[in-house]
Amino acid sequence: MTPRVRFAPSPTGRLHIGNIRTAALNWLFARKHGGSFLLRLDDTDTVRSTEEFAAAIRDDLTWLGLTWNDFARQQDRTARYDEAAAALKASGALYPCFETEEELDRRRKRQLAMHRPPIYDRAALKLSAEEIAAKIAAGEKPHWRFRLPNTSEGRGLTPQPTLISWNDLIRGDQSVDLGSLSDPVLIRGDGTYLYTFTSVIDDVDFAITHIVRGEDHVTNTGVQMAIFEAAGATPPAFGHHSLLVGADGQALSKRLGALSIQSFRDEGLEPMAVLCHAALVGTSDAIEPLQSRDDLAAKLDFSKISTAPGRFDVAELKVLNSKLLHTLEYAAVAERLRAAGIEGREHFWNAVRGNLETFGDASIWWNVVAGDIEPVIEDSKLTVAAASVLPDAPWSENTWSEWTAAVKAKTGAKGRALFHPLRLALTGREAGPELKTLLPLMGRDRVLARLEGKRA
Ligand SMILES: Nc1ncnc2c1ncn2[C@@H]1O[C@H](COP(=O)(O)OP(=O)(O)OP(=O)(O)O)[C@@H](O)[C@H]1O
């Protein structure tokens, strides 16, 4: 079966690294198996969903290269939900309830006082058709519950376990006891639908074959499998991955804006580094910098995902980012170098890539080899002497060792006393790429001027 998967965020905030773990695992799974990937915006919560967040989700996914084959938004599908709800009402799978929040709260307290689990007692199932009609005629607005397929009928009965089980793609055998849950409300009193319902209808209509999502949805899955059945559909396969938490163990939330993809973009991090980290953290694989999404897809193995939460540390992402840059081939960055105003010669890239923390650092080194910088003269005697023995052009990678040998012979300086003042004069910086590679890129005039302390 060709997999068809989906990523279904609500546009209620900026995507964070945890959301991207879900998006990446789905996308990579589709990629690995030649399947397709649907982006679905779960925007039925019209109060908190915004167009800005919807646009930002698309933008972040595009930046990460997690392209989608299909796109849908729940706001456009109300007519379809109405139709599906009507069928479930007709079959009795959805039943109208009229209790107020206060009434439900009173009942829960009573149940707890009697040491019973505070689950909905299904009192509304006892209403006759006439009673329901009278309530509606009197202006009461029902909310609708889904009757879970369990045997806990009516008020006061001790619930019987009713296990619904599946073989989770990530966690192995799983089950949820539907006997211990309240019948979930799928339609609110104002007629709006809850995610639990709309998600199932969408998954049926879009023929989703595998639902891969965070373990925050395990209980939902038990309930939704029952809704699939009630809607006459076979539930797809499910996989629940561990959630990511922040370095100090804090939960992530779109609403709180922590560890957003935007913040990584602002810091100039590489999309591949973010993807590798999101997909490999909390697995038994080492977190390594892979160069392409296909390489990462080839590595994907759900059985390697640990059930413990993955700890996400920005500092580790930054290290991974530099490791990735250090191995990037020129061909992979030539276009970006040009766009950054760097006439990206391969020599330059190979000389500096090992010193980059972010791609933006390349501009610093480009300025060192081709722009002008303020030289730092630490030992003017040495730099003047060095200028006097500067070899004639053309220069090669051997020029540095020939020149420094000549400076050493002329001044007697060696080791740090020789190299440090030269580095400071030529680059204005304490550390950086090997000078033997930078020197030929700088050219003789620029080097000479800097040795004389001139901005060049
Ligand atoms: N910390 C996390 N680690 C891994 N996956 C997560 C994490 N938080 C959410 N997800 C997954 O992201 C997907 C999108 O979920 P959703 O839009 O509800 O995000 P959310 O961050 O929980 O949002 P909100 O804070 O608005 O409730 C879901 O599949 C969910 O399981």
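Reader: Why does Ser199 count as buried?

Author: Ser199 has 24 C-beta neighbours inside 10 Å. A residue is buried if 20 or more other C-beta atoms lie within 10 Å of its own, exposed if 12 or fewer, and partly exposed in between, with C-beta atoms placed from the backbone. Ser199 therefore counts as buried.

Reader: What kind of model is this, and how are its residues numbered?

Author: This is a predicted model, in which local features need pLDDT of at least 70, side-chain atom pairs count only at pLDDT 80 or more, and totals for chains, interfaces and linings use all residues. Residues are numbered from 1 along each chain as its sequence is written.

Reader: In which element is Ser199 found, and what makes that element a helix?

Author: Ser199 is found in α6, residues 195-205. Helices are DSSP runs of H or I with at least four residues, strands are runs of E with at least two, and both are numbered from the N terminus. By this count the chain has 19 helices and 12 strands.

Reader: With which residues is Ser199 in contact, once its neighbours within four places in sequence are left aside?

Author: Ser199 is then in contact with Ala8, Asp42 and Gln224. Two residues are in contact if their C-beta atoms, placed from the backbone, lie within 7 Å. The C-alpha atoms of Ser199 and Leu127, by comparison, are separated by 29 Å, and these two residues are 72 apart along the chain.

Reader: Why does His115 count as exposed, and where is it placed?

Author: His115 has 6 C-beta neighbours inside 10 Å, and therefore counts as exposed. His115 is placed in the loop between α4 (101-113) and α5 (129-137). Its phi is also positive, about 60 degrees, although His115 is not a glycine.

Reader: What makes β4 and β5 a pair?

Author: Two strands pair if DSSP finds at least two bridges between them. Four bridges join β4 (residues 94-97) to β5 (residues 143-146), and these strands run antiparallel. One of the bridges sets Leu94 against Phe146 in β5. β5 also pairs with β8 (residues 185-187) in the antiparallel sense, over two bridges. There, Trp144 stands opposite Ile187.

Reader: How many residues surround the ligand, and what makes a residue part of that shell?

Author: A residue is near a molecule or strand if its C-beta atom, placed from the backbone, lies within 6 Å of it. The ligand is surrounded by 18 residues, and the closest are Gly18, Arg213, Gly214, Leu243 and Ser253. The shell divides into four nonpolar, nine polar and five charged residues. Here Ala, Val, Leu, Ile, Met, Phe, Trp, Tyr, Cys and Pro count as nonpolar, Asp, Glu, Lys and Arg as charged, and the others, Gly among them, as polar. Helix α1 (17-32) and strand β9 (210-214) each supply at least two residues, and the largest share, four residues, comes from α1.

Reader: Which residues of α18 are buried, and against what do they pack?

Author: In α18 (residues 435-442), Leu438, Leu439 and Pro440 are buried. The buried residues of α18 pack against α13 (346-352), α14 (361-370), α16 (399-411) and α19 (444-451). Gly443, with a positive phi near 85 degrees, follows α18. In the loop between α17 (416-427) and α18 lies Ala431. Ala431 is exposed because it has 8 other C-beta atoms within 10 Å.
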